[in-house]
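Please keep the sequence and the model in view while reading.

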Amino acid sequence: MARLVKHDRNRPYMIKADNGQVFYICACGLSRNKPFCDGSHKRTLDEEEGSVYVYDENGRIKLQNFYP
């Protein structure tokens, strides 16, 4: 089933464990290594505010006239 998911961040969450280890948790929804960040958010850095995009393995498309 296809789903449209709105994400408010295009960078990961940084989590520091008590032992000093640092983890980066995906917040963009594109990581192939969820819940961990794999750097896929870099594909979203030039998105236009208020626009909706669809991503796949080949790239992305911007949806026109989309009002959630």
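Is Asp 46 buried or exposed? Asp 46 is exposed, since its relative accessible area is 53%. In this report, buried means under 20% relative accessible area, exposed means over 50%, and partly exposed lies in between (1.4 Å probe, protein chains only).

This is a predicted model, in which local features need pLDDT of at least 70 and side-chain atom pairs count only at pLDDT 80 or more, while totals for chains, interfaces and linings use all residues. Residues are numbered from 1 along each chain as its sequence is written, and side-chain values use heavy atoms, with hydrogens and water left out.

**Salt bridges**

The structure holds 2 salt bridges, a salt bridge being a side-chain nitrogen of Lys or Arg within 4 Å of a carboxyl oxygen of Asp or Glu. Side chains of opposite charge can pair when their charged atoms come close. The two pairs are listed below.

| Arg 60 | Asp 46 | 2.9 Å |

Arg 60 forms a salt bridge with Asp 46. This pair links distant parts of the chain, with Arg 60 in strand S4 (residues 59–63) and Asp 46 in the loop between S2 and S3, 14 residues apart. Strands (E, at least two residues) and helices (H or I, at least four) are DSSP runs, numbered from the N terminus.

Lys 62 is partly exposed at 32% relative accessible area, and Glu 48 is partly exposed at 47%.

**Surroundings of Arg 60**

Arg 60 is itself partly exposed, with a relative accessible area of 31%. Contact means heavy atoms within 4.5 Å. Leaving aside neighbours within four places in sequence, Arg 60 is in contact with Arg 43, Thr 44, Asp 46, Glu 47, Tyr 53, Val 54 and Tyr 55. The C-alpha atoms of Arg 60 and Thr 44 are separated by 9.4 Å, and these residues are 16 residues apart along the chain.

**Nonpolar core and aromatic pair**

Which residues make up the largest nonpolar core? It has 5 residues, namely Cys 26, Cys 28, Leu 30, Tyr 53 and Tyr 55. A nonpolar core is a set of buried Ala, Val, Leu, Ile, Met, Phe, Trp, Tyr and Cys residues joined through side-chain atoms within 4.5 Å. In soluble globular proteins, nonpolar side chains tend to be buried together. Apart from neighbours within four places in sequence, Leu 30 is in contact with Ser 40, Thr 44 and Tyr 55.

A search of the whole structure finds 1 aromatic pair. The rings of Phe 23 and Phe 36 have centres 6.2 Å apart and planes at 35°, so the pair is tilted. Rings of Phe, Tyr and Trp (its six-membered ring) pair if their centres lie within 6.5 Å; planes under 30 degrees apart count as stacked, over 60 as edge-to-face and the rest as tilted. Phe 23 lies in strand S2 (residues 22–25) and Phe 36 in the loop between S2 and strand S3 (52–56), so the pair ties together parts that are 13 residues apart in sequence. Phe 23 is partly exposed at 28% relative accessible area, as is Phe 36 at 34%.

**Nonpolar surface patch**

Met 14, Val 22 and Tyr 24 make a nonpolar surface patch of about 270 Å². Patches consist of residues with over 30% relative accessible area and no salt bridge, with like charges joined within 9 Å and nonpolar side chains (Val, Leu, Ile, Met, Phe, Trp, Tyr) within 5 Å. Accessible areas come from the Shrake-Rupley method with a 1.4 Å probe, and for residues only the protein chains shown count as cover. Met 14 belongs to strand S1 (residues 13–16) and is partly exposed at 45% relative accessibility.

**The loop between S2 and S3**

Further residues of this loop may be considered. Pro 35 is found in the loop between S2 and S3, and a cis peptide bond joins Lys 34 to Pro 35, with omega about 10°. His 41 has its place in the loop between S2 and S3 and is buried at 13% relative accessible area. Not counting residues up to four places away in sequence, His 41 touches Asn 10, Arg 11, Pro 12 and Cys 28. Leu 45, also placed in the loop between S2 and S3, is exposed at 54%.
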